[in-house]
Amino acid sequence: IGANQDAVFDLTVTNTVAGTTQAAGYSFYEVVPQNTTFTALTNGTTDCALPAAAGTLCTIVVTNPVVAGAPQVLKATFHTVSPLAAGTTSIFNVATQTTTSPPPGCTSSTTVCTSPPTTCPATNATCASVPTSTAAVTVVKSVDASTPNPIGANQDAVFDLTVTNTV
């Protein structure tokens, strides 16, 4: 994914206890990935005002009941900043299993985490990432058509420098 594009993460909520149903309203935490803003959510609601800034801890609430064997899939959309920060190699996303405790570095929903997660916590979380594309710049130098050919003494040589981003 490159700058100024949307990263869409599928958040799948599954009930693993046969014969049971988790009522609508199941909730969990979502941390807005660095270098993005949280812009949209389907099949659920959030307490964060959208667009939400990078590093914000949001509570996600599943709209429908979660029946055993029939997962609910929510789609969270994050828009990348432009330009992406130097050294950004991926957009990393973390969600917790519940709202029992926020991820390390985060304290309360709708606030920016003091140190948002950069790796997947060992317990109570699920994570995904998508690689980013960085600019692939080429420079080509050529003689401008206004340069005399052949060029003589006391004349201007004009060169064109063409810089292209090939991504």
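User: What pattern does the chain follow when it is read along the sequence?

Analyst: In this predicted model, the chain reads β-β-β-β-β-β-β-β-β-β-β-β-β, with zero helices and 13 strands. Helices (H or I, at least four residues) and strands (E, at least two) are DSSP runs, numbered from the N terminus. Residues are numbered from 1 along each chain as its sequence is written, side-chain values use heavy atoms, with hydrogens and water left out, and local features need pLDDT of at least 70, side-chain atom pairs pLDDT 80 or more, while totals for chains, interfaces and linings use all residues.

User: How does the radius of gyration of the chain compare with that of a compact globule of 167 residues?

Analyst: The radius of gyration is taken over C-alpha atoms, and the globule rule is 2.2 Å times the number of residues to the power 0.38. For 167 residues a compact globule would come near 15 Å, but the chain has 24 Å. Along its principal axes the C-alpha trace spans about 90 × 30 × 30 Å.

User: Why is V130 called partly exposed?

Analyst: Buried means under 20% relative accessible area, exposed over 50%, and partly exposed in between (1.4 Å probe, protein chains only). V130 has a relative accessible area of 25%, so V130 counts as partly exposed.

User: What makes a set of residues a nonpolar core, and which residues of the largest one touch the most other members?

Analyst: A nonpolar core is a set of buried Ala, Val, Leu, Ile, Met, Phe, Trp, Tyr and Cys residues joined through side-chain atoms within 4.5 Å. The largest has 19 residues, and F28, F38 and L74 touch the most other members. At least two residues each come from β1 (6–13), β4 (36–42), β7 (57–62), β9 (72–80) and β10 (90–96), with β1 giving the most, four residues. Another core, of seven residues, lies apart from the largest one and includes V31, V94, C113 and A125.

User: What makes an open space a pocket, and which residues lie nearest the centre of the largest pocket?

Analyst: On a 1 Å grid over the protein atoms alone, a pocket is an open set of points where a 1.4 Å probe fits, with protein on both sides within 12 Å along at least five of seven lines, and lining residues have an atom within 4 Å of a point. The largest pocket is lined by 19 residues, of which L11, T12, V13, Q97 and T126 lie nearest its centre. Its volume, the space filled by probe spheres set on the points, which are joined across faces, edges and corners, is about 350 Å³. The largest share of this lining, five residues, comes from β1.

User: What sets N43 and N154 apart in their phi values?

Analyst: Most residues other than glycine have a negative phi, and most peptide bonds are trans. N43 has a positive phi of about 65 degrees although it is not a glycine, and N154, also a residue other than glycine, has a positive phi near 60 degrees. N43 is found in the loop between β4 and β5 (44–46), whereas N154 is found in the loop between β12 and β13. With a relative accessible area of 84%, N154 is exposed.

User: How do you know that the peptide bond from S82 to P83 is cis?

Analyst: The bond from S82 to P83 has omega near 0 degrees and is cis, and P83 is placed in the loop between β9 and β10.
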